[in-house]
Protein chains: 2
Amino acid sequence: MAKEGITPRSTDYSRWYLDIVRAADMADYAEVVRGCIVFKPTGYAVWEAIQRGLDDRIKATGHSNVYFPLLIPKSFILKEAEHVEGFTPELAEVTRAGGEELTEPYVIRPTSETIIGYYYAKWVQSYRDLPLLLNQWANVMRWEKRTRPFLRTSEFLWQEGHTVHASEEDAERETLMILHDVYGDFLEKEMALPVIKGLKTENEKFAGALRSYALEAMMQDGKALQAGTSHNLGQNFARAFDITYSDQHNQIQHAWTTSWGVSSRLIGALIMAHSDDDGLVLPPRLAPIQVVLVPIYRTDSERAQVMEAAARITGPFKGRIRFKVDDRDNLTPGFKYNEWELKGVPVRVELGPRDIEKGTVALARRDIPGKAGKEFVPQEGLIDRIEALLVSIQQGLYDRALAFQKAHMRDVTTYEELRHAVETGFGRAYWAGGATDERRIQEELKATIRVIPLDQPDRAGRCIVTGQETGQQVIVARAY
Amino acid sequence: MAKEGITPRSTDYSRWYLDIVRAADMADYAEVVRGCIVFKPTGYAVWEAIQRGLDDRIKATGHSNVYFPLLIPKSFILKEAEHVEGFTPELAEVTRAGGEELTEPYVIRPTSETIIGYYYAKWVQSYRDLPLLLNQWANVMRWEKRTRPFLRTSEFLWQEGHTVHASEEDAERETLMILHDVYGDFLEKEMALPVIKGLKTENEKFAGALRSYALEAMMQDGKALQAGTSHNLGQNFARAFDITYSDQHNQIQHAWTTSWGVSSRLIGALIMAHSDDDGLVLPPRLAPIQVVLVPIYRTDSERAQVMEAAARITGPFKGRIRFKVDDRDNLTPGFKYNEWELKGVPVRVELGPRDIEKGTVALARRDIPGKAGKEFVPQEGLIDRIEALLVSIQQGLYDRALAFQKAHMRDVTTYEELRHAVETGFGRAYWAGGATDERRIQEELKATIRVIPLDQPDRAGRCIVTGQETGQQVIVARAY
């Protein structure tokens with residue numbers, strides 16, 4: 001039975017998602033600014049946890065953070081042919097500022113390759129300046145017609161890495177390193193999201209890239225969500241912006257660049273991958289609050305006794321666990337349980353006068369609702385038990401998501417099988433088709449080739465649309 | 001003698017500032033986007049350190065982070081009379097988006113009281129919802145005619161806190177708590193900046209505020225820099241946006257709001273308060289790298305020996321000190337010393353073959369240039385010595401800045417004395433003048449009343465412009 005105010009997933013998955021966003025205090029999506037949302041405290045705290053996990057990995061792999069201007073001269077966008085075509089329909093333009101009409105409008109960055117390209121051309125002179133490894137955390141804007149909180153909004157928050165290299169091999173190594181060691185590692189270890197990594201087709205690649213790699217995750221309705229992308233831009237932007245360097249032999253060469261990003265849509269991924277009909281479910285490593293202690297009392301003297309015990313019990317938590325003692329008066333324990341369940345806190349500790357007598361607490365895990373996830377345990381050794389429980393919940397969420405992904409991944413050999421597969425999950429098919437075949441799938445099945453996975457089979461098979469023999473498989477799915 | 005490429009402060013303070021910004025790799029201020037800069041790695045790393053120090057204090061005092069839209073419907077700005085007047089000349093407007101002309105333009109937030117006011121009116125219903133204590137980290141835009149990196153740019157980075165309270169007293173308590181416990185504490189303890197706290201005059205207050213408080217710091221040229229502001233907005237925005245709540249007696253009341261912010265101009269303050277003719281000087285608590293170890297060697301075997309010793313010596317630093325071993329080849333130690341001096345690293349450790357023989361290292365402190373700041377110390381106990389040295393440098397920078405502030409603060413009793421005082425520092429004067437007198441000072445002396453300090457004298461004196469007896473003193477200075 002679902003909570004009051006939350007539509008069960010089985011009734012209407014899309015409605016359920018919006019209910020969770022609202023009930024867990026993640027976002028306000030009143031459209032006073034077209035397609036934009038407010039990140040409310042729970043939503044923003046999750047974003048801060050995502051930022052921390054990614055930022056650590058980005059820095060550990062040798063990148064520095066920087067910040068480039070929000071506005072881009074419109075002429076910059078026009079310099080790379082595919083880039084113009086890809087982004088022009090989505091641009092927001094500043095045409096008036098300081099009380100005057102501007103002679104050249106600015107656009108609000110939809111992504112920053114062009115403005116960064118301008119500066120890189122100035123900064124990069126010699127092979128000694130390479131590689132140049134920078135990243136920025138920023139807001140970006142793409143004017144969207146149909147929006148959904150976190151998943152697709154006109155303004156969103158993201159990080160965008162932009163690097164410059166002396167050779168194609170170096171650029172490709174960077175692109176794949178980000179895919180595996182930064183994004184893959186983060187998504188699987190911190191977000192408990194199993195992902196399929198692969199190459200995008202020509203149709204689906206980033207506007208201006210040589211090759212785009214992506215990580216695709218499966219949501220609980222079987223649809224795909226692109227969780228991150230890493231692009232080898234080749235020399236496209238280097239040519240458009242004249243990013244050149246003199247090599248060891250004093251020859252001027254065009255550089256090779258990459259860009260890669262993940263955005264606040266990961267908050268949506270987190271909700272849709274793990275949450276249930278009782279509210280948000282957060283992986284412990286990303287949970288802003290990992291443990292909440294709810295005191296139970298009736299009288300003032302019971303309150304004093306319980307609060308004192310709560311302070312004693314949580315004393316050792318400091319610096320090891322992110323916790324909160326919910327000491328709000330005038331709210332029943334039941335009300336508090338409900339609120340913290342909605343907000344996805346992984347572990348709840350209940351403590352009342354009888355527990356104090358017995359030297360125990362009740363421990364409830366969020367990922368297993370109801371009695372099955374609750375046990376009475378001794379206060380002694382509680383912190384070790386909770387730390388172990390957090391690890392176990394983290395692993396449990398990953399395992400559950402992986403099992404779901406496997407159960408909803410179908411190897412298909414006919415178009416009809418594919419049609420069925422994408423209704424409940426991913427279809428994996430041999431593919432030697434072209435852009436026209438891809439468009440046909442999109443129109444008929446409302447599905448796209450998500451990636452050409454890096455993991456490919458040992459033997460060949462027949463293409464699902466052309467019948468040709470091919471060694472290449474693709475993943476097809478409906479996507480957010 | 002100043003470094004190559006750095007104009008001495010005594011020659012041209014303004015040029016010196018720009019030279020430090022460039023030489024320390026703080027920013028690129030090529031004006032491809034009107035009035036905007038690029039935060040380069042050193043500059044952004046300092047901003048991250050500032051964010052961390054402030055964010056910890058903002059959260060510790062009960063506030064949560066959130067994120068509101070970048071764009072604000074232009075009509076919102078028009079709702080609060082003083083606010084319109086203050087910000088209209090500086091607005092950047094989005095008039096076209098997604099390929100269409102907009103029926104109502106948006107402005108890029110110059111500050112967010114209005115868009116936040118709209119949401120607060122929805123969220124606040126009852127006294128139980130109060131206080132509402134939120135903060136956001138964001139970019140904002142004010143179209144500026146004359147710009148200077150970090151100090152005044154069209155786009156800048158900041159935090160803006162926005163709170164709602166049930167009474168004037170609660171709002172005033174919040175405003176002052178932020179002034180003292182968040183901003184004052186941060187500026188003095190982390191940035192080593194002594195500040196003068198006080199009230200702004202009606203002329204100088206925030207557009208739309210009941211009362212504005214500010215913290216003013218003195219730069220090395222004697223000019224003032226407003227390091228932070230905290231505003232009691234009274235019921236002005238609550239009335240403009242209809243932020244009401246029902247009180248304990250079920251009566252509908254207008255709420256009281258506050259807002260407060262500090263921005264990336266603090267990076268400029270940090271440069272101008274502490275740096276010298278050799279480059280940046282950073283307080284250890286904010287330095288992205290606190291200690292750099294420069295290995296000295298001629299041969300490969302020396303290199304191997306020195307690098308092994310460097311690893312051994314810095315092993316215990318991990319988790320206690322932010323350090324870097326500069327293992328770059330093909331650069332001389334002298335080149336490296338120069339670079340880390342420019343970038344303001346507080347402590348340098350030099351380690352060569354002779355040091356290894358003797359079991360010593362050379363330790364150079366950035367705040368005391370040349371031989372006076374260098375000593376040879378045993379490797380044993382090095383980490384404790386360095387930690388003590390970092391504390392001592394932090395305190396030394398504060399003490400030096402405080403001594404400078406005191407030496408350049410003059411109590412003045414005549415207009416002529418004030419004229420002289422503002423040429424080299426701050427003038428403190430009794431004041432009972434009005435807005436016209438304030439404007440006269442601004443025109444004639446190019447100076448403004450920075451604050452009416454919270455610390456006021458015990459006895460009265462004669463107003464410097466009207467001759468009236470008054471108990472109120474003000475601080476007058478030229479300002480950035």
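## The surroundings of A:K200

The side chain of A:K200 reaches the backbone oxygen of A:R450 at 3.0 Å, and a second polar contact, of 2.9 Å, joins the side chains of A:K200 and A:E216. A polar contact here is a pair of N or O atoms within 3.5 Å; within protein, one atom must be able to donate a hydrogen and the other to accept it, and residues adjacent in sequence count only if both atoms are side-chain atoms. The model is a predicted one, in which local features need pLDDT of at least 70 and side-chain atom pairs count only at pLDDT 80 or more, while totals for chains, interfaces and linings use all residues. Residues are numbered from 1 along each chain as its sequence is written, chains are lettered from A and ligands numbered from 1 in the order in which they are written, and side-chain values use heavy atoms, with hydrogens and water left out.

A:K200 lies in the loop between β9 (195-199) and β10 (211-218) of chain A, where helices (H or I, at least four residues) and strands (E, at least two) are DSSP runs numbered from the N terminus. With 7% relative accessibility, A:K200 counts as buried, buried meaning under 20% relative accessible area, exposed over 50% and partly exposed in between (1.4 Å probe, protein chains only). Not counting residues up to four places away in sequence, A:K200 touches A:K205, A:S212, A:A214, A:E216, A:Q226, A:R450 and A:I452, contact meaning heavy atoms within 4.5 Å.

## The open sheet of chain A

In chain A, 11 strands form an open sheet of mixed pairing, in the order β3-β7-β8-β14-β11-β10-β9-β22-β25-β21-β20; two strands pair if DSSP finds at least two bridges between them. β3 (64-65) and β20 (409-411) stand at the edges, each with a single partner strand, so one side of each is left without a neighbour in the sheet.

After α10(A) comes A:G344, whose phi is positive, near 80°.

The whole structure holds 74 salt bridges over all chains, a salt bridge being a side-chain nitrogen of Lys or Arg within 4 Å of a carboxyl oxygen of Asp or Glu. In one of them A:R22 meets A:D19, with the closest N and O atoms 3.5 Å apart; A:R22 and A:D19 are three residues apart in helix α1 of chain A and are therefore separated by about one helical turn. A:R22 is partly exposed, with a relative accessible area of 44%, whereas A:D19, at 4% relative accessibility, counts as buried. In another, the side chains of A:E341 and A:R348 meet at 3.2 Å, N to O, A:E341 being partly exposed at 24% relative accessible area and A:R348 buried at 11%. Salt bridges that share partners also join A:R57, A:D185, A:K189, A:E190 and A:R285 into one network.

## How chains A and B meet

Chain A can be laid on chain B with an RMSD of 0.0 Å by a turn of 180° and a shift of 0.0 Å along the axis, and the two copies are thus related as by a two-fold rotation axis. The superposition is by least squares on the C-alpha atoms of residues with pLDDT of at least 70 in both copies. Of the residues of chain A, A:V94 comes closest to the rotation axis, at 2.1 Å (C-alpha).

The contact involves 52 residues of chain A and 52 residues of chain B, and because 100% of the interface residues of chain A are also interface residues in chain B, the copies meet through the same surface. The area buried between the chains is about 4,300 Å², with 61% given by carbon and sulfur atoms; buried area is the accessible area (1.4 Å probe) that two parts lose on being put together, summed over both. Across the interface the rule finds six salt bridges, including that between the side chains of B:R96 and A:E93 (2.6 Å, N to O). Strand β5 (residues 92-97) of chain A gives the largest share of the side of chain A that touches chain B, six residues.
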